[in-house]
Amino acid sequence: MVSRFLNDPDDGLVEIGIAAAEAGDLERALKPSERITEPVYRARVLIAAGRTTAGSRDPARTPRLARQACDAIDEVPYLHRRVALSADTADFLLRAGQEDRAHAVLIGATNMARRGQVPRAHTLVKLAVAAHRSGHRADAARLVHRAEQAADASVDYARVRDRAAVAEGLHHTGHPTEADELLRRVIHESRTLANRAEHAAGLKRVAEAFGRIGKPARAAELVQEIRELVGTAESPSRRCWDTYAAAGALLVAGAAATGDVTRAAALLEEISAPVPREAASPAVVRALSRVGARATARTLADALTSPDHRGKALAAIAQTLGPCPQERLVLVEALCCVPHAVLTPKGGRFMRDGSVAKTSRVGHYPRHDYTKGRSALRSLTGSRWVRNGGVVGGSPTLFDHARTLRDRYGPGPWPGFGDPLPDASPNSARLVFVGGGEDALLRRAPDGNGVVPPTGVELADHLEHLLSAPTSGIGGDEVRGLHDLLATCSPIEVADELSSEVRHRGLPSDGLRGLGRQLARHGTHRAPVKIGLVLLGLGGDIRDRDLLHLLGTLDELTLYAAVALHRSQPDGDLQVHVLAQRVAGWGRIQAVRTLRDTTDPGIRAWLLREGFRNSIMGEYLAHLAATTGDLHGALSHPYVDTPLLDGAGGILAAMADGQGGPAPGLADYPPAVPVLLRYADLVQARTPTIAMLSDLISITMFFRHPPQELPWTAADIACLTARYEGLLHEPRWHALVLDHLADPRRPDFHLALRPADVLHLCPTAQLLARLETEPSLLDPTWVHALRNSDRSHTAHIFDLAARRLATTPSPERDHALVLFAHLLRRHPGHGWPLLRSALTSSTPEARRTASATLAGWPADTLPQEAADLLRTTRTPQPDNPRKAHP
């Protein structure tokens, strides 16, 4: 297979896979995807194949391709890429009529976007369009609004790019008028950009937006404006790149018109520099193929000298061939014959002389290691299942794993939610969730090696057969067989059906308890242990309390342990409450949901003060805490203690932030108006804190952008808006924020950054003092400092960042290089050491971002060594070469 980017062998396989998929050859598409080691590339091929199956060629394969795509997506190290690829996965599921699966993927992607400190506007727009197509209009509107907020937070060209993306989102979610108005404003903003390169790039981006929303005439006007810029360019290099921008915009403006494509091809002849000319050629080839000019397209493709661009061009031709297997095969095979490095099955490279050399896998993301940084946990007792006469793999039981964690860290919560469990496979391609996440978000069967998993009824039949054995008891072989059978099932799918069947058949409690304890104590796979907990809920008693608490402290098992405690213990609510305090992630969410109907006053008070907080997302439990805990009644008392006031603020802020998300929000909380009025009165009378201010900001932003479905009177909305705006403008908050930022070494320094922005403060001195302490390069202070400082401080900030980079380990270093390479786009001439490090990084994303940044800098700002370094970074040497994988 072709090695397209000289330092990136997987990229050639991507072109082959996507070309074959879009041409309808699924087998040829999926075959190279099996050899792609980089998850972002593998996901792209699988998504292309999914779109093909969704088009009715093979709809039965769509869910399986979606699962494989999700597996690959979860290994992608960059959050914004995972979100964008998830949106593409949801899109092809919707095309195939798989609305439930698509919605589950969308929820997961939305949650990922919420976790990102700076969610990207175009990523949020992708999610919004997918949500709109799935019929979730409120979710789509909420996501578009968040994209607008992200775009407003950008500056210069980034603002133009992001607002153009928002305009596309508005058009595709049913707001064409608003989209046109926004694009008009973006055009004006593009023309005011001081940087010449950003001016042309901004107009190109708006032209692309017009082309994609079906207005090629407007796009063509902008193409002409870009062409006029070419004549006034101050350097040959700038003229080349402006012409490149015009050609790209023209293709989008008239991708279906032969004349437009021909004019774009003619523009290429005006580009004297080979790099931009060859970079633009594949897009022209693709457009020529789509309008039927395949001979011209093939001639242009064959004229390309760069193997990566020639491969792209040939793949573009293959995508348009339709049902023509022989000709498609010739073109796809042509990709494999490019006279450059070709991968061997063992991961080496065929050299031009026919010999084979090992490749060091230059330029690839490191495989995502979910266990890195965690100390290895070993069994204390060594109890294991014995199958077929031998010890199973040396893996400890989950029970031993939990005991080890308890002895090391106490009753809980435990580091990393108790992950990784002993049955985890670090090198597996399967999607990996944090403890309890898979059962909370998805319903999907585990890998069963081709074995059809049993249903709840079939499991009940098996249990009934075992429990009807002679009084001598159930033998070890029978229990081991049950364990192996359960390892093939999805507990979340069968638990309810199994419980119903067991109760209906009246199976003996003692037998159920005995089987449940054996599975829970000796299981080496999570699925049998989960079913063991289900059986303890059906047949257990007070003797099983400690076992359920111990295993339930593993977030992966909390749901099953909480239900078992609630069913089997005489004081079920209290025992679930004890368990909920020992977990912090999905385990906390599942345990608290089990307490939805509690009437215990102590538990209800705890829900309002601490119980709703979790490390996943506060929105999941905020509404439940407000209703079950009776927030309205609690705030009605004359005296409200500080923990209750803090909890009330957290609950109201979470419901405000989460409106339209995966859980009910403020609009879904009936007593919201009186509770908000009471909370405002309490805040005004209390000593201010940063946490209180953050909650107040979230609530105020809710009223600045209220949802359409808000079921309150106009008078109530106006009253609350005025009340919270007045609170937020009190001068005491300014002093609070500045006092918080006065200590640059405090670990919670970052908590005051957003309040400082909202209050329009400019704490430049405090931010610079923070940077002098050399915080992590991913600390949000760097972004805020660059945004709030003037040009006189810019060079100093980048010097501090370069100094910090020297002591930053991977993978933080890789993420930091991508971040700063992007930030440097708005600061031409500054931060060259950082940009140089990014250009020579072993991470493709860093190199590409840095190259794009350098290309956008004016010629008079380029350092002397930049041109030479750009030529040498086509085959960079990694800092830590890794072995090739077959």
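Tyr724 touches Leu676, Tyr679, Ala680, Leu696, Ile699, Thr700 and Phe703, leaving aside residues up to four places away in sequence. Touching, or contact, means heavy atoms within 4.5 Å. This is a predicted model: local features need pLDDT of at least 70, side-chain atom pairs count only at pLDDT 80 or more, and totals for chains, interfaces and linings use all residues. Residues are numbered from 1 along each chain as its sequence is written, and side-chain values use heavy atoms, with hydrogens and water left out.

Now step back from Tyr724. The largest nonpolar core has 143 residues, and Leu631 and Tyr724 touch the most other members. Such a core is a set of buried Ala, Val, Leu, Ile, Met, Phe, Trp, Tyr and Cys residues joined through side-chain atoms within 4.5 Å. Buried means under 20% relative accessible area (1.4 Å probe, protein chains only). Helix H35 (residues 690-704) gives the most to this core: nine residues. Helices are DSSP runs (H or I, at least four residues), numbered from the N terminus. Another core, of 36 residues, lies apart. Its members include Leu124, Val129, Ala167 and Ala219.

Why is helix H27 (residues 558-568) largely enclosed by the rest of the structure? Eight of its eleven residues are buried, so the rest of the structure largely encloses it. Among the buried ones are Thr558, Leu559 and Tyr560.

Next, a helix pair. Helix H30 (residues 601-611) and helix H31 (residues 619-628) pack with their axes 8 Å apart, at an angle of about 145 degrees. Axes are lines fitted to C-alpha atoms, for helices over the stretch in contact, and angles run from 0 to 180 degrees between N-to-C directions. H30 contributes Arg604, Leu607, Leu608 and Gly611 to the contact, and H31 contributes Leu621, Ala625, Ala626 and Thr628.

Technical notes:
Buried means under 20% relative accessible area, exposed over 50%, partly exposed in between (1.4 Å probe, protein chains only). Helices (H or I, at least four residues) and strands (E, at least two) are DSSP runs, numbered from the N terminus.
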